[in-house]
Amino acid sequence: MSSITSAMPKYESYKDSGLAWLGDIPTHWFTKPMCAVASIVSISNVQDKELLSVYLYEGVIRFSDVDEKRTNATSQDLSKYQLVSPGDFVLNNQQAWRGSVGVSSYEGIVSPAYLVLKMSGDFDAGFANYLFRDGIMVSQYLVCSKGVGTIQRNLYWPQLKRSVVFYPPLKEQTSIAAFLDRKTAQINQAVKIKERQIELLKERKQIIIQNAVTRGLNPDAPMRDSGVEWIGQIPESWATTFARYCFRVVKRYDRDGTEIKFSVTQKRGLVATDKMEEASTQAGSFDGFQLCCEDDLVLNKYKAHLGVFWRAPERGIITNNYTVFQPRRDISSKYFEILFHTGIYQSIFRMLVYGVTEGMSPLYTNDFYSMKVIVPPIDEQLSIVVYIETESVKIDEAIELQKQQIVKLKEYKSTLINSAVTGKIRVVDEGLCSEVAM
């Protein structure tokens, strides 16, 4: 990305800023302490104003526009909340070191814990918003903040006022802000398109999987009614039966002490956590663990409706909190792992679970046994698994490519903003001819 900005116009002359972390800036630019261009204000008792907030990647926004509201409720007493006017610089004093700052476009009120700064007439609000949210300024907030650890650091005006601000004349600021508005809008749109492409690829993957495990791989295969309303049509050679005839619950404790210890995750399935030590063969050391063998299906009965139903990749031990099912010999547990993760079966699991809250809704063994399942011939089960794995790899690679391109676009956006607000590139007025095609 730096090669892109290096091709853009530069200023005719530069001067040493006197700051090692900033380097050279255009000769006609200014450097001043924060206290010379901003003053702290705190106007309260304006409870009739709109509530605003500061978000890490968005700056100052209206609280009503937040999709996911805070888990901690906003105080009902707004008398101490501070007035913010358009053009004011607002900092979350506990998260400024991460970049949770912004110049407001709105009038409203913010938390009394925030810092509100009134900017001098030297600044264009749009330029200031880009500058103060740029990484080179955020690094100063970190240095000025006080605290222990890396989660919460408090920033106060006595320290912040000594930070250094660098900027061009006002007219030039306006040109830079307009340029960045245009370019960041283009980049953001490109990111949205790629995010939509990722969603479409994921949808395509789910369609491929569901069609394969419920309809098979031969589009010309004669079909018949499965006799189960929510399953619908299936290939003529396939069967439907109760799950009890395909799986049986097993409890095994015949271990030799060298088994892998598994934990179960919602997205990754059974994950090896460690190897059991030789000393673990001592009496009582295996209390609370059972054995699962390769190709068993392992169920977290409280999370079946969330997809925690996985094939064991090898022999290992797992806590007694899980239900272990051994498949019939002509059953591919991998096929059924895939089948049970489809939308059809996830909805059936949700219908079968009991309990007041979803997080504590168990799928009992008898209810699982009473569920109808699709059973293709074993050779088709195996072929379907191979097909799905092959197609999934292709789609996953396409998704990863889109993700990498999104990362590059975001890196370009950050580089472009930094280069413009620090004077590394020159934005020209005539048609913004320094713009680089995306």
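Predicted model: local features only at pLDDT ≥ 70, side-chain atom pairs only at ≥ 80, totals over all residues.

Q: What is the handedness of the crossing in which α3 passes α6?
A: The axes of α3 (residues 125-133) and α6 approach to within 8 Å, with a crossing angle of roughly 65°. On the α3 side the contact is made by Gly-126, Phe-127 and Tyr-130, while α6 contributes Gln-173, Ile-176, Ala-177, Leu-180, Asp-181 and Thr-184. Angles of 65 to 115 degrees count as roughly perpendicular, and the two helices are therefore described in that way. As α3 passes α6, the crossing is left-handed.

Q: How far apart are the end C-alpha atoms of helix α6?
A: Helix α6 covers residues 170-215, which is 46 residues, and at 1.5 Å a residue it should span 68 Å.

Q: Which residue just after α6 takes a positive phi?
A: The phi angle in question is about 85°, and the residue that adopts it, directly following α6, is Gly-216.

Q: Are α7 and α10 roughly perpendicular or oblique to each other?
A: The axes of α7 (residues 333-340) and α10 (residues 378-421) come within 8 Å of each other and cross at roughly 60°, in a left-handed sense. Where they meet, Lys-334, Tyr-335, Phe-336 and Ile-338 of α7 face Gln-381, Ile-384, Val-385, Ile-388 and Glu-389 of α10. Because a roughly perpendicular pair needs an angle of 65 to 115 degrees, α7 and α10 are oblique.

Q: How many residues does the largest nonpolar core have?
A: Nonpolar side chains in soluble globular proteins tend to be buried together. Among the residues with the most contacts inside the largest core are Met-34, Phe-123 and Tyr-141, and Tyr-141, leaving aside neighbours within four places in sequence, is in contact with residues including Phe-89, Trp-97, Phe-132 and Leu-160. Apart from this core lies another, of 36 residues, with Val-228, Ile-344, Met-371 and Val-385 among them. The count for the largest nonpolar core is 55 residues.

Q: Does Ser-85 count as buried or exposed?
A: Ser-85 sits in the loop between β7 (82-84) and β8 (89-91), where, not counting residues up to four places away in sequence, Ser-85 touches Ser-104, Tyr-106, Glu-107 and Lys-118. Since buried means under 20% relative accessible area, and the value for Ser-85 is 17%, this residue counts as buried.

How values were computed:
Residues numbered from 1 in each chain as written. Heavy atoms only, no water. Helix = DSSP H or I, 4+ residues; strand = E, 2+ residues; numbered from the N terminus. Expected span 1.5 Å × (residues − 1). Core = buried A, V, L, I, M, F, W, Y, C linked by side-chain atoms within 4.5 Å. Buried < 20%, exposed > 50% of the residue type's maximum accessible area, 1.4 Å probe, protein only. Contact = heavy atoms within 4.5 Å. Axes fitted to C-alpha atoms, helices over the stretch in contact; angles between N-to-C directions. Parallel < 35°, antiparallel > 145°, perpendicular 65-115°, else oblique. Left-handed = near helix turned anticlockwise from the far one by under 90°.
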